[in-house]
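Please walk through the following structure with attention to how its charged side chains pair.

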Amino acid sequence: ASPSTFGGVHQGEADTFGTGSTALATCSNGYYRSFSVTTTESLKATWLLTAAEMSAGGRWCRLVARLVGYGNTLGVRVRPVIRDYYGLVTLWEGSQIWLPSVTQYQMVDLGSVPIPPGAYTSDYAQCTLGLEMQAGSATTVSIDYVQIVPMDGYRHIEQVGMVIPVNDYVEFDEGEG
């Protein structure tokens, strides 16, 4: 899971399940894709895992999404899934993650995802990363990108009670607590 080769970013408009994209200069790659979400849980977005990502197989990674917008008061839930190349067989499915009910959140942690073992030989089969979605009432979820972050040597820090200004930073000093 070398940061220089792993990549891990999948653009919303590049998903293999939906269609169409909307231009927005503040988005990564300049576009995002919107998905209609209903009260019935269903697969809405999929991306093929790359060979570099598959070479990290057998490891757990964090899945983070940058959202452009969603019906934040409509009880939107997202479930990450790993399926076979064709998206027919579910190899793993996570728990439903409730999206925050406040509009200030754009980056959302969708939990831990296991990358299936693969890419050890040239005859491996790629897998698909998918997002199943459901809402309390029909709404639209717009995704700029999803990012798979290897958990080798990373620490999750949650900011509670205040917002960090743009271009500011957080220092985590384990020695001093």
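Is E132 buried or exposed? With a relative accessible area of 9%, E132 is buried, where buried means under 20% relative accessible area, exposed over 50% and partly exposed in between, using a 1.4 Å probe and protein chains only. This is a predicted model, in which local features need pLDDT of at least 70 and side-chain atom pairs count only at pLDDT 80 or more, while totals for chains, interfaces and linings use all residues. Residues are numbered from 1 along each chain as its sequence is written, and side-chain values use heavy atoms, with hydrogens and water left out.

E132 meets R83 in a salt bridge at 3.0 Å, N to O, a salt bridge being a side-chain nitrogen of Lys or Arg within 4 Å of a carboxyl oxygen of Asp or Glu. Because R83 lies in strand β6 and E132 in strand β10, this pair ties together parts that are 49 residues apart in sequence; strands here are DSSP runs of E, at least two residues long, numbered from the N terminus. R83 is itself buried, at 15% relative accessible area.

R79 counts as buried at 15% relative accessibility. A further partner of R79 is E41, with the closest N and O atoms 2.7 Å apart; E41 sits in the loop between β3 (31–37) and β4 (42–48) and is partly exposed, at 28%. Through shared partners, salt bridges join E41, R79, R83 and E132 into one network.

Notes
Helices (H or I, at least four residues) and strands (E, at least two) are DSSP runs, numbered from the N terminus.
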